[in-house]
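Hi everyone, thanks for coming. I'd like to walk you through one model today, so please have a look at the screen.

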Amino acid sequence: MKYFFVAALNLATLFAAPLCVVAKDAPASVKPAAAQSPIAAALQPFVDSHSLAGAVTLVADKDKVLAVDAIGFADIAGERPMKPDTMFWIASQTKSITGAALMILVDDGKVSLDDPIEKYLPEMKALRVALPKGETGEPQPPKHLVTVREVLSHTSGMPFRSAKETPTLDALTLEAAVKTYAATPLTHEPGSKYQYSNAGINTAGRIIEVVSGKKYEDFLDERLLKPLGMTDTTYWPSEEQVSRLATSYSPNKEKTNLQSMTIGQLQYPLYDKTKRYPMPAGGLFSTAGDVARFCQMLLNKGKFDGKQILSENAVKALTSKQTGDAVKDGYGLGFSVGGGSFGHGGAMSTNMNVDTTTGLITVFLVQHAGYANDGGKCSGVFRDQAKALYGKK
């Protein structure tokens with residue numbers, strides 16, 4: 001699934017963040033005393049060449065974790081090694097989790113995917129479609145009302161963000177953010193085109209708030225994260241969790257080494273709930289173990305640890321193409337789909353993938369906004385190793 005990796009790099013390029021310290025004198029690698037596993041050994045050259053600071057990888061099936069590997073550094077300058085419980089900003093992987101949360105309300109009979117979003121968000125009655133480039137006049141009402149299905153599948157016509165979401169993407173409450181989307185013209189007629197849109201997924205998050213009568217983050221915690229035991233998945237990592245957070249890196253100008261960076265899309269300190277608001281399209285922090293639990297629930301058709309979190313129909317809707325025959329891009333409801341698998345990537349090159357043909361879950365967590373040298377190959381190397389070692393024969 002090359003799409004996930006490329007999408008993550010494209011988003012990272014789009015939102016380049018301020019760069020800080022160049023790790024010129026960093027140790028080349030972290031090698032355990034015992035022999036490395038095949039996966040760690042395959043990824044070690046990327047660490048040795050300074051193409052990759054470090055990674056946590058996980059392979060699982062629907063019932064159990066098969067392998068966890070932590071290689072390289074969570075922080076190069078501090079020589080802090082990656083560990084299985086290292087925290088990562090998973091960015092747009094959050095979209096899949098938000099999609100699953102909304103489908104809980106569909107299962108509850110409180111939301112229909114084909115309802116117009118203005119049924120739940122009256123301010124969306126103001127939505128208009130921008131005129132084609134070169135034409136003059138006022139934006140016009142859409143030919144059909146934007147639906148819940150369309151905001152989750154990036155076919156609503158909403159832009160990536162509104163001009164008011166500044167200086168960071170977590171600066172507005174969901175209520176305030178949705179009002180700015182309502183005032184922003186759609187770029188095309190709903191349903192006619194795929195266009196990756198944080199605004200659409202954030203709108204889905206606001207629908208969760210309005211329908212449930214709870215804050216989006218509270219509903220998410222109560223109905224999805226806690227039942228799955230995702231105790232390290234949060235919008236506001238605590239000080240203890242921040243101490244486990246992997247530093248973000250990008251290639252230096254010469255592409256010969258790595259330099260640390262801050263996450264420019266988010267406000268600091270990350271644990272400050274008074275200034276930072278949840279971003280359903282890309283704000284979560286998590287660990288490999290937590291992400292795997294979410295994926296196992298989906299591979300088990302909505303069931304986890306004896307509990308039915310989502311219906312089988314909900315999982316099928318989430319993970320099957322919802323972008324229509326006229327749209328080439330394969331996207332479900334918060335998931336990239338195609339080739340017998342589904343999953344999502346994130347802006348810092350994180351990735352999760354569920355391969356329904358092999359029954360394998362792969363989780364690849366790094367914090368890289370682009371790669372130096374041949375570092376871009378490492379995600380594919382990991383998946384190939386995982387399939388060779390654990391794929392069904």
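Let me start with a term: buried means under 20% relative accessible area, exposed means over 50%, and partly exposed is in between, with a 1.4 Å probe and protein chains only. What we have is a predicted model, where local features need pLDDT of at least 70 and side-chain atom pairs count only at pLDDT 80 or more, while totals for chains, interfaces and linings use all residues. Residues are numbered from 1 along each chain as its sequence is written, and side-chain values use heavy atoms, with hydrogens and water left out.

Now to the aromatic residues. Rings of Phe, Tyr and Trp (its six-membered ring) pair if their centres lie within 6.5 Å; planes under 30 degrees apart are stacked, over 60 edge-to-face, and the rest tilted. How many aromatic pairs does this rule give? The count is seven. One of them is Phe160 with Tyr196, stacked at 6.2 Å centre to centre with 20° between the planes. These two come from distant parts of the chain, 36 residues apart: Phe160 is in the loop between helix H4 (148-152) and helix H5 (174-182), and Tyr196 is in the loop between H5 and helix H6 (198-212). Phe160 and Tyr196 are both buried.

Phe364 and Phe382 make another stacked pair, with 5.9 Å between centres and 25° between planes. Phe364 belongs to strand S14 (residues 360-365) and Phe382 to helix H11, so this pair ties together parts 18 residues apart in sequence. Again, both Phe364 and Phe382 are buried. There is also an aromatic cluster, formed by Tyr216, Tyr235 and Trp236.

Let's stay with H11 for a moment. Which residues of H11 are buried? They are Cys378, Ser379, Phe382, Arg383 and Ala386. Seen down the axis of H11, they fall within an arc of 140° and so line one face of the helix; the arc is taken from the directions from the helix axis to the C-beta atoms. On the face turned away from that buried side, H11 carries the exposed residues Asp384 and Ala388.

Last stop, the strands. S6 (residues 248-251) and S7 (residues 258-261) pair in the antiparallel sense over four bridges, where pairing requires that DSSP finds at least two bridges between two strands. Ser250 has Gln259 in S7 as its bridge partner. S6 and S7 form a hairpin with six residues between them, and Lys255 in the turn has a positive phi of about 60°.
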